[in-house]
Amino acid sequence: MTNKLHKLTNLNVREKIKKPNFLKLVLLNDDFTTMEFVVMILKMFLNKTHDDAIELMLKVHNSGSAVCGTFPEDIAKTIQEKIHNYSRINKQPLKCIIKK
């Protein structure tokens, strides 16, 4: 048993830690979702301050879309799903996409 442990301690094992893929979460403008709802979404799901949420909402409104944050892939997908579900429940057509 001691011989096996001795061999294990002499191994030079290097694990490569893979960096997560970071993706951009983008809100898209539409003619039906209210500005107040977009501000609420940004505050609820993306932890934006009120002023930051208003600034981003105006960027979405004026430019047609805006990057709301950059997240690891699994977190971006979870936030996107939460936004779509909450929008659907509230009968709002707000869409959120993920870009590389």
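# Aromatic cluster and nonpolar core

Tyr-86 counts as partly exposed, at 24% relative accessibility (buried is under 20% relative accessible area, exposed over 50% and partly exposed in between, with a 1.4 Å probe and protein chains only). The model is predicted, with local features requiring pLDDT of at least 70 and side-chain atom pairs pLDDT 80 or more, while totals for chains, interfaces and linings use all residues. Residues are numbered from 1 along each chain as its sequence is written, and side-chain values use heavy atoms, without hydrogens and water. Phe-37, Phe-45 and Tyr-86 together make up one aromatic cluster.

**Aromatic pairs**

- The search of the whole structure returns 2 aromatic pairs (ring centres of Phe, Tyr or the six-membered ring of Trp within 6.5 Å; planes under 30 degrees apart are stacked, over 60 edge-to-face, the rest tilted).
- Phe-37 and Tyr-86 are stacked, at 5.9 Å centre to centre with 10° between their planes.
- This pair bridges distant parts of the chain, since Phe-37 belongs to helix H2 (residues 35-46) and Tyr-86 to helix H4 (residues 73-89), 49 residues apart (helices, H or I, of at least four residues and strands, E, of at least two are DSSP runs numbered from the N terminus).
- Phe-37 is buried, with a relative accessible area of 6%.
- The planes of Phe-45 and Tyr-86 stand at 70° and the ring centres are 5.6 Å apart, so this pair is edge-to-face.

**Surroundings of Ser-87**

- Ser-87 lies in helix H4 and is buried, with a relative accessible area of 0%.
- Apart from neighbours within four places in sequence, Ser-87 contacts Phe-37, Ile-41, Gln-92 and Leu-94 (heavy atoms within 4.5 Å).

**Largest nonpolar core**

- Among the 21 residues of the largest nonpolar core, Leu-27, Leu-42, Leu-46, Ile-79, Ile-83 and Leu-94 touch the most other members (such a core joins buried Ala, Val, Leu, Ile, Met, Phe, Trp, Tyr and Cys through side-chain atoms within 4.5 Å).
- Two or more residues of this core come from each of strand E1 (22-28), H2, helix H3 (50-63), strand E2 (65-72) and H4.
- H2 supplies the largest share of this core, with 7 residues.
- Leu-42 touches Leu-27, Asn-47, Lys-48, Ala-53, Leu-56, Met-57 and Cys-68, when residues up to four places away in sequence are not counted.
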